[in-house]
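This report describes one predicted protein model. It takes up a helix and its surroundings, then a cavity, and then some individual residues.

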Amino acid sequence: MASVTRVTRKSQANRQQRREQIERQLLDATDRLMSDGTSFTELSVDRLATEAGISRASFYIYFEDKGDLLRRLARQVFGDLTEDAAEWWAVAGRRDPADIRSSMARLIASYRRHQPVLIALNEMAGYDATVGATYRELLTGICEQFAGVITAGQADGSIRSSLPAATTASSLVWMVERVCQQNLPLQPPSYDAELADTLTEIIRGALYLDG
């Protein structure tokens, strides 16, 4: 019985690993196919699967439809964005603007790289309730993590104690999300450094006791 259990667990782990590999291939494929302005709704499953190097049958083994794919891609993208933010969160107590600047630059670069998927997510969230719920869930998760960083900073005296942690985190996360979502598609890459500098100053001024 123990042997059967181990085999089952190994099979499940292999399937999960394969799913994650396919999700990453499809994320890269979607970014490439939408880079010329093609909308997500215009992409067929056949085209997505071919670009990702998988079969149509494999697509439907792992995904119900394109909406399910987009929700899973969103989790991949927001996972990358969270890692970018965490670069600063991990050392927020140092109050070093260079830490914020580095994190913002990485986050903006991730938005640039995954811009097509984020645009598709934003568009579909308006008329697909399940996609919209996933969008809000992912951003809420980031807000909650950031609120924890603020609370810890307030405890050690590095962040303003008068700030309500949850509201502050939500305000700053949504500010960054909206400015990247709305501005980056309309601006050249040369704009990114200016945006990183600006976000750094806003966040620094909002959170830290010292200027």
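## Helix H5 and its cover

The elements that cover the buried residues of H5 include H4, H6, H8 and H9. Covering here rests on contact, meaning heavy atoms within 4.5 Å. Helices (H or I, at least four residues) and strands (E, at least two) are DSSP runs, numbered from the N terminus. Buried means under 20% relative accessible area, exposed over 50%, and partly exposed in between (1.4 Å probe, protein chains only).

H5 has 17 residues and reaches 24 Å from its first C-alpha to its last, close to the 24 Å expected at 1.5 Å a residue. The expected span of a helix is 1.5 Å times one less than its number of residues. The buried residues in H5 are Asp-99, Ile-100, Ser-103, Met-104, Leu-107, Ile-108, Ser-110 and Tyr-111. Seen down the axis of H5, they fall within an arc of 160 degrees, so they line one face of the helix. The arc is that of the directions from the helix axis to the C-beta atoms.

## Basis of the values

The model is predicted: local features need pLDDT of at least 70, side-chain atom pairs count only at pLDDT 80 or more, and totals for chains, interfaces and linings use all residues. Residues are numbered from 1 along each chain as its sequence is written, and side-chain values use heavy atoms, with hydrogens and water left out.

## Overall architecture

The protein has 9 helices and 0 strands, and its pattern along the sequence reads α-α-α-α-α-α-α-α-α. Along its principal axes, the C-alpha trace spans about 55 × 50 × 30 Å.

Of the 211 residues in the protein, 44% are buried. Among contacts with a separation of 6 or more, 69% are between residues 24 or more positions apart.

## Helices H8 and H9

H8 has 19 residues and a reach of 27 Å from its first C-alpha to its last, close to the 27 Å expected at 1.5 Å a residue. Its buried residues include Ala-165, Leu-172, Val-173, Val-176, Glu-177 and Gln-181. What covers the buried residues of H8 includes H5, helix H6 (115-125), H7 and H9.

Helix H9 (residues 191-207) has 17 residues and reaches 25 Å from its first C-alpha to its last, close to the 24 Å expected at 1.5 Å a residue. In H9, Tyr-191, Asp-192, Leu-195, Ala-196, Leu-199, Thr-200, Ile-203 and Leu-207 are buried. They cover an arc of only 165 degrees around the axis, which puts them on the same side of H9. The cover over the buried residues of H9 includes H4, H5, H7 and H8.

## The cavity

How many cavities of 30 Å³ or more does the structure hold? There is 1. The largest cavity has a volume of about 200 Å³. It is lined by 17 residues, and the closest to its centre are Ala-85, Leu-107, Ile-142, Val-173 and Val-176. On a 1 Å grid over the protein atoms alone, a cavity is a set of points where a 1.4 Å probe fits but cannot get out, and lining residues have an atom within 4 Å of a point. Grid points are joined across faces, edges and corners, and a volume is the space filled by probe spheres set on the points.

Helix H4 (66-89), helix H5 (97-113), helix H7 (129-156) and helix H8 (165-183) each give two or more residues to the lining of the largest cavity. H4 gives the most, with 6 residues. The lining divides into 15 nonpolar, 1 polar and 1 charged. Ala, Val, Leu, Ile, Met, Phe, Trp, Tyr, Cys and Pro count as nonpolar, Asp, Glu, Lys and Arg as charged, and the others, Gly among them, as polar.

## Individual residues

Lys-66 is in helix H4 and is buried, with a relative accessible area of 18%. Not counting residues up to four places away in sequence, Lys-66 touches Phe-40, Thr-41, Glu-42, Leu-43, Val-45 and Leu-48. Lys-66 and Trp-88 are 22 residues apart in sequence and 34 Å apart in space, C-alpha to C-alpha.

The loop between H4 and H5 holds Val-91 and Arg-95. Val-91 counts as partly exposed at 23% relative accessibility, and Arg-95 counts as partly exposed at 33%. Arg-95 has a positive phi of about 55 degrees although it is not a glycine. The C-alpha atoms of Val-91 and Val-149 are separated by 9.6 Å.

Conventions. On a 1 Å grid over the protein atoms alone, a cavity is a set of points where a 1.4 Å probe fits but cannot get out, and a pocket is an open set with protein on both sides within 12 Å along at least five of seven lines; lining residues have an atom within 4 Å of a point.
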